Amino acid sequence: MKMASSRRVAQWIRQLDSSYTWTRQRAIVQLAASGDMQAWEPLLNCLKHSSHRTRADACGALVTLGGVLAFEPVAARLHEGDRHVREAAALALGRLDDPRAVELLLPLLTDRVHTVRQAACQALAILGDVRAYEHVVRLLQEGDRRVRAAACRTLGHLRRSEEHTSELQSHHPI
C-alpha cells in the first residue's frame, strides 16, 4: 500500500471537522486507506461525533487502519443507541478475525432491530467460530425473513468451518 503524503493526511484530518457528512465520510475512508497511524487519534475521536453516520464510518476505518488495536473502541460501540453504529461495529469486529468478538456479538442476535441482527450474523459467519452455532439456529424461527436468510448463510459458514476444523484435527491430532 502506498502511503499518502503527510500533507494529504493533514488535509483529511481537517476535513473531519466539516459540517458536511459526505466530506467527513470521504475523509474517513481516505484516512483509513492511507495507512498512516497519525490518523488513529482523529479517527478515534470520530467515535464521539454527534453524527451517527460518522461514528459508524469510524468503526470500519479504525479496523482498516489499526487492526486489532481497534478491538476495544469498536467493541464499545456495540452498545450504542443508534442502530447504524451497532451494525457497523458488529461488521467491523467480524473483519478482525479475533475470537473475543464472538461473545460480544452473540447478544446482538436478539437486538430489537433486524438489521443489527443481520449484521451480527454476517460478522459471526466471517469469524466462523462454532460457538455461535446454537445461538444462530434460534434465528431460524425469526419473524423477519431477512434475518432467517442471514442465519441460514451463517450456519452454512459455521458448518464448513466446523468440517474444516474436524478434518484438520483428524490429520493432525494434538
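**Figure 1. The protein has 10 helices and zero strands.** Helices (H or I, at least four residues) and strands (E, at least two) are DSSP runs, numbered from the N terminus. The model is predicted: local features need pLDDT of at least 70, side-chain atom pairs count only at pLDDT 80 or more, and totals for chains, interfaces and linings use all residues. Residues are numbered from 1 along each chain as its sequence is written, and side-chain values use heavy atoms, with hydrogens and water left out. From the N terminus on, the elements run α-α-α-α-α-α-α-α-α-α. The C-alpha trace spans about 55 × 40 × 20 Å along its principal axes. Of the 174 residues in the protein, 48% are buried. Buried means under 20% relative accessible area, exposed means over 50%, and partly exposed lies in between (1.4 Å probe, protein chains only). Contact means heavy atoms within 4.5 Å. Among contacts with a separation of 6 or more, 60% come from residues 24 or more positions apart.

**Figure 2. V74, L105 and V136 in the largest nonpolar core.** This core has 53 residues, and these three touch the most other members. A nonpolar core is a set of buried Ala, Val, Leu, Ile, Met, Phe, Trp, Tyr and Cys residues joined through side-chain atoms within 4.5 Å. In soluble globular proteins, nonpolar side chains tend to be buried together. Look at V74. Leaving out residues up to four places away in sequence, V74 touches C59, L62, V63, A89, A92 and L93.

**Figure 3. Cysteines without a disulfide.** How many disulfides does the structure hold? The count is zero. A disulfide is a covalent bond between the sulfur atoms of two cysteines. Here the cut-off is a pair of cysteine sulfur atoms within 2.5 Å. For C46, the nearest cysteine sulfur is that of C59, 10 Å away. C46 is buried, at 4% relative accessible area. For C121, the nearest cysteine sulfur belongs to C152, 9.4 Å away. C121 is buried too, with a relative accessible area of 0%.

**Figure 4. Y20 and W22, an aromatic pair.** The structure holds one such pair. Rings of Phe, Tyr and Trp (its six-membered ring) pair if their centres lie within 6.5 Å; planes under 30 degrees apart count as stacked, over 60 as edge-to-face and the rest as tilted. The rings of Y20 and W22 are 6.2 Å apart, centre to centre. Their planes are 35 degrees apart, so the pair counts as tilted. Are these residues buried or exposed? Y20 is exposed at 51% relative accessibility, and W22 is exposed at 53%.

**Figure 5. R100 over the ring of F71.** The charged end of R100 lies 3.8 Å from the centre of the F71 ring. A charge sits over a ring if NZ of Lys or CZ of Arg is within 6 Å of the ring centre and within 35 degrees of the ring normal.

**Figure 6. D129 and its surroundings.** D129 is found in the loop between α8 (114-127) and α9 (133-137). D129 is buried, with a relative accessible area of 18%. A polar contact of 2.8 Å joins its side chain to that of R131. A polar contact is a pair of N or O atoms within 3.5 Å; within protein, one must be able to donate a hydrogen and the other to accept it, and residues adjacent in sequence count only if both atoms are side-chain atoms. D129 also touches P99, V102, L124 and L158, not counting residues up to four places away in sequence. R159 is 30 residues from D129 in sequence, yet the two are 9.5 Å apart in space, C-alpha to C-alpha. R159 belongs to helix α10 (residues 145-171) and is partly exposed, at 39%.

**Figure 7. S51, in the loop between α3 (40-46) and α4 (52-66).** S51 is buried, at 14% relative accessibility. Its side chain reaches the backbone nitrogen of R53 at 3.3 Å.

Figure 8. L69 lies in the loop between α4 and α5 (71-75). Beyond its neighbours within four places in sequence, L69 is in contact with M37 and W40. D97 lies in the loop between α6 (83-96) and α7 (100-105). D97 is not a glycine, yet it has a positive phi of about 55 degrees.
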